[in-house]
Structures are given as structure tokens and as C-alpha cells.
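Biologist: Before we go through this model, I would like each label that you use to be set against its cut-off. Please begin with the convention behind handedness.

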Amino acid sequence: MKFEDVYSRRTADKLTQEQAAEIPGVSVRTVRRWEDRFEADGAEGLYDRRLGKLANNRVPTDTVMEMLTLFDSKYWDYTPKHFHEKLVEHHGFTQSYNWLRLTLQSHGRIQPAEVVAGIRTSC
């Protein structure tokens, strides 16, 4: 059922907020927010405003490239843990170890621990 249908039934007092929240499976607070946005902006107000926007905590590309260059040239024989320690100690690195490990994996510099140990995670 579309939100417009639920909204019209709500304004006609055929549904309570609790009943309206059960239809899409959301909280009563979410229904109130949707109703406020629908009244203010119409159907356009119901679209997700986050779509197409970059995350505020995104790591700059220059930082990623600098980290990968250091790993490839100077610290190629270090484990990710030791590499992270050197970055923090000597290069003012502020990202977490987990972020570094996942970034090295996604750029093909290291393999996940399950692959290295020969453990299969899926059947």
C-alpha cells in the first residue's frame, strides 16, 4: 500500500497512527515524520535526502593514495598491524586499523585472513 493511501485513510480517521505504522512495518515516530514531510513538501518530501550525497566522514583520496604509496614503496614487508603503527607514529595517520586493513584488502594489497589461512567461509 502506498503512503498516500495510508495518509488519506489517516486523515479520514479510519486509521490510528499505530495502525498506519504497522502497514509498512515502521515506528509511530516514523509515520509522524513522514506525515509532516508529506504535508510540507508533498510526495517529494518522502524521497530519501541522503541519496547522491557523499558521507561526511569519507577519507580524502589523497590520504588513501599516500597510504597505498607508502605501503607499496617503504613498508611493503610489514604486516598491516605494524604498518598501521608506523603510520600513526611517523606519518600522523588518524584512521583506524580496521579501516586500513579493509582498504588494503579492497585495493588488492593484502588478502583477507580467511584466504591466507586456507579457511573457506562459504559452502
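Modeller: A crossing is called left-handed if the near helix is turned anticlockwise from the far one by less than a right angle, and right-handed if clockwise; the helices themselves are DSSP runs (H or I, at least four residues), and strands (E, at least two) are likewise DSSP runs, all numbered from the N terminus. By that convention the crossing of α5 and α6 is right-handed. This is a predicted model, in which local features need pLDDT of at least 70 and side-chain atom pairs count only at pLDDT 80 or more, while totals for chains, interfaces and linings use all residues. Residues are numbered from 1 along each chain as its sequence is written, and side-chain values use heavy atoms, with hydrogens and water left out.

Biologist: Why are α5 and α6 called oblique to each other?

Modeller: Axes are lines fitted to C-alpha atoms, for helices over the stretch in contact, and angles run from 0 to 180 degrees between N-to-C directions. Angles under 35 degrees count as roughly parallel, over 145 as roughly antiparallel, 65 to 115 as roughly perpendicular and the rest as oblique. α5 and α6 pack at an angle of about 120°, with their axes 10 Å apart, and are therefore oblique.

Biologist: What makes α4 and α6 roughly perpendicular?

Modeller: Their angle is about 75°, with the axes 11 Å apart, and α4 and α6 are therefore roughly perpendicular to each other. Here V64, M67, L68 and F71 in α4 meet W99, L100, T103 and L104 in α6, and the residues of this contact divide into seven nonpolar, one polar and no charged.

Biologist: What makes a set of residues a nonpolar core, and how many residues has the largest one?

Modeller: A nonpolar core is a set of buried Ala, Val, Leu, Ile, Met, Phe, Trp, Tyr and Cys residues joined through side-chain atoms within 4.5 Å. The largest has 13 residues, and those with the most contacts inside it are M67, F83, L87, L100 and L104. The elements that give two or more residues to this core are α4 (61-73), α5 (80-91) and α6 (97-106), and its largest share, five residues, comes from α4. Apart from it lies another core, of five residues, among them V6, A20, A21 and V31.

Biologist: How do you know whether E35 is buried or exposed?

Modeller: Buried means under 20% relative accessible area, exposed over 50%, and partly exposed in between (1.4 Å probe, protein chains only). E35, in helix α3 (residues 28-41), has a relative accessible area of 8% and is therefore buried. E35 touches F3, Y7, R10 and Q17, not counting residues up to four places away in sequence.

Biologist: Which label does A43 receive, and which does D13?

Modeller: A43, in the loop between α3 and α4, counts as partly exposed because its relative accessibility is 37%. D13 lies in the loop between α1 (3-11) and α2 (17-22) and, at 68% relative accessibility, counts as exposed. D13 also has a positive phi of about 60° although it is not a glycine.

Definitions and conventions:
Contact means heavy atoms within 4.5 Å. Ala, Val, Leu, Ile, Met, Phe, Trp, Tyr, Cys and Pro count as nonpolar, Asp, Glu, Lys and Arg as charged, and the others, Gly among them, as polar.
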